[in-house]
Amino acid sequence: MLLRRMLIMLGVVILVVLVLAAYKGFTLYQQIQVFSAPQPPISVSAQTADDMAWQSRLPAIGTLRAYQGVDLTVEVGGTVRDVLFKSGEKVAQNQPLIQMDSDVEQASLATVEAQLGLARLEFERGRNLVNRQTISKSEFDRLSAELQKGNASVAQLKATLAKKRILAPFAGTIGIRRVDVGDYLSSATTIATLQDLSKLYVDFFLPEQSVPKLAIGQKVNVRVAAYPDETFVAEINALNPKVENTTRNVQVRALLDNPGNQLLPGMFANLEVLLPDMQQRVVLPETAITYTLYGNSVYVIDEKKGEDGQPVKDDKGETQLVAERRFVETGERRDGKVVILKGLQKGERVVTSGQLKLDNGAHVVIVPEQPGQAAQETPVSAG
C-alpha cells in the first residue's frame with residue numbers, strides 16, 4: 001500500500017515536471033520565432049550626393065575701423081569762446097570747430113609787429129650807412145639779427161593764434177562734443193571725435209598657415225550683427241609683413257565702401273576671405289555626417305543583393321534597401337553643407353535623418369523628410 005502511494009506521488013511529480021518543461025519549451029519556441037522573423041524596415045530620409053562649384057573660404061573675425069579717425073584735442077591751453085559745430089554733424093575739411101579766447105595773444109602780436117616794424121626801419125637805415133662805412137659791420141649784423149628776431153616773434157605768435165582756432169583736419173562726421181563755451185581747456189584736452197565714414201578698414205588676423213593663400217585684391221565677405229541679413233564686400237589692401245610672436249597670426253586689412261554710413265567704426269565683424277580656387281566638390285547636408293572621435297561617417301543606401309548577386313525583392317515586389325556605414329573625410333562646412341573629400345562618390349544615396357536608429361546593414365525604407373526632423377536628429381557621438 002505504501003509503495004503504491006509513493007508511485008502515485010512520483011508519477012504526479014513527473015507529470016508536473018513534464019508540463020512545466022513543455023510550457024518552457026513552447027515559450028522559447030515563440031521567442032525564437034519572434035527574433036527570427038524579418039524585422040520591418042527602418043524609415044529614414046535620404047539625399048543623393050551631388051557635386052557643386054565650391055569656393056574655399058577662410059573664416060575670421062575682425063573689427064571695423066574708420067578710414068580716417070582722430071580724437072580732436074587742443075595744443076595750447078585757453079578758454080572756449082565759441083563752439084562752431086553741432087554734435088553728430090558732417091563737417092568739411094578746414095571747417096572751424098572751436099574758437100578759444102585769444103585777446104592776450106592778439107595784443108602780444110600787435111606789440112611784436114610794432115617792434116618788427118622798428119627793426120626793419122633800423123635795418124634799412126643801417127644797410128645804407130654800412131655801404132658808406134658810417135657804421136661798423138658788427139653793428140649792422142646786430143641790426144640784421146634784431147630783424148630776424150622780430151620776424152620769428154611774429155611767426156611764433158601767429159602760430160599760437162592759429163592753434164587757438166581748431167579746424168577739421170579732414171571731412172567727416174564729428175561726434176558728441178565734450179566742451180562748452182567758457183570751459184578752460186588745458187593742453188591735450190579732447191574736444192570730440194572726428195571719423196571719416198565714407199570708407200572703413202576691416203582689421204583681422206589669420207593663422208600663419210594661411211599666408212600663402214592671401215593676396216592683395218582678394219574679396220572678403222563681411223557680416224555684422226546690426227545687419228544680420230546683409231553681406232558687405234571688402235577687398236584686401238594690406239598684409240602685415242610680420243607674424244605676431246605670441247599668437248602666430250598675421251594681421252590683414254581690407255577696405256570696405258560704406259555708402260549711407262550704415263557701418264560704424266568699432267563694430268565686430270564676421271569675415272570670410274574668398275579664395276580663387278573654385279572647384280567641383282561632392283557636397284552633403286551636415287545632418288548626414290555622424291561625427292565621432294575615431295572618424296566621421298555616413299550611411300550609404302544600396303540595394304540588398306542575394307547570393308546570386310541579384311537585388312532581393314520583398315513580398316510587394318520592391319527592391320529591398322540596406323544602409324552601410326562608411327567612413328569619409330570631410331572638408332569645409334558652410335551654410336548647413338559639408339564638403340566630402342574622400343570616401344563618397346557623386347550619385348550615391350546617403351541617409352540625412354534617422355541615423356540614430358541604424359546599424360551597419362540595417363534594412364531601410366526611404367520616406368520624405370519632415371520639417372525640422374534633420375535638426376532634431378543630427379548625429380553627434382563621442383565615440
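This is a predicted model: local features need pLDDT of at least 70, side-chain atom pairs count only at pLDDT 80 or more; totals for chains, interfaces and linings use all residues.
Me: Where is Val 16 placed?
Reply: Val 16 belongs to helix H1, residues 2-36.

Me: And which residues make the nonpolar surface patch there?
Reply: The patch is made by Ile 8, Val 12, Val 16 and Leu 20, and its area is about 370 Å².

Me: Moving on to H3. How many residues does it have, and what does it span?
Reply: Helix H3 covers residues 137-163, which is 27 residues. From first C-alpha to last it reaches 39 Å, close to the 39 Å expected at 1.5 Å a residue.

Me: Which of its residues are buried?
Reply: The buried residues of H3 are Phe 140, Leu 143, Ser 144, Leu 147, Gly 150, Val 154, Leu 157 and Leu 161.

Me: What do they pack against?
Reply: They pack against helix H2 (103-131) and against E7.

Me: E7 is a strand, then. In what order do the strands of its sheet stand?
Reply: The order is E7-E6-E4-E9, an open sheet of four strands with antiparallel pairing. Strand E7 (165-167) and E9 stand at the edges with a single partner strand each, so one side of each is left without a neighbour in the sheet.

Me: How many bridges join E4 to E6?
Reply: Three bridges join strand E4 (residues 78-83) to strand E6 (residues 96-100), and the two run antiparallel. Within this sheet, Asp 82 stands opposite Gln 99 in E6.

Me: New topic: E18. Which strands does it pair with?
Reply: E18 (residues 321-334) is joined to strand E17 (residues 295-303) by eight bridges, to strand E21 (residues 362-366) by three, and to strand E19 (residues 337-342) by four. The pairing is antiparallel with E17, with E21 and with E19.

Me: Which residue takes a positive phi in the hairpin of E12 and E13?
Reply: Arg 248 does, with phi near 60 degrees, in a hairpin that has five residues between the strands. Six bridges join E12 to E13 in the antiparallel sense, and Ala 234 has Leu 256 in E13 as its bridge partner.

Me: What about Ala 188: buried or exposed?
Reply: Ala 188 has a relative accessible area of 54%, so it is exposed. Its phi is positive, about 75 degrees, although it is not a glycine. Ala 188 lies in the loop between strand E9 (184-185) and strand E10 (190-207).

Me: Finally, where does Asn 261 lie?
Reply: Asn 261 lies in the loop between strand E13 (249-257) and strand E14 (268-274). Its phi is positive, near 50 degrees, and the residue is partly exposed at a relative accessible area of 25%.

Conventions
Residues are numbered from 1 along each chain as its sequence is written. Side-chain values use heavy atoms; hydrogens and water are left out. Two strands pair if DSSP finds at least two bridges between them. Patches are made of residues with over 30% relative accessible area and no salt bridge: like charges are joined within 9 Å, nonpolar side chains (Val, Leu, Ile, Met, Phe, Trp, Tyr) within 5 Å. Accessible areas come from the Shrake-Rupley method with a 1.4 Å probe; for residues, only the protein chains shown count as cover. A salt bridge is a side-chain nitrogen of Lys or Arg within 4 Å of a carboxyl oxygen of Asp or Glu. Buried means under 20% relative accessible area, exposed over 50%, partly exposed in between (1.4 Å probe, protein chains only). The expected span of a helix is 1.5 Å times one less than its number of residues. Contact means heavy atoms within 4.5 Å.
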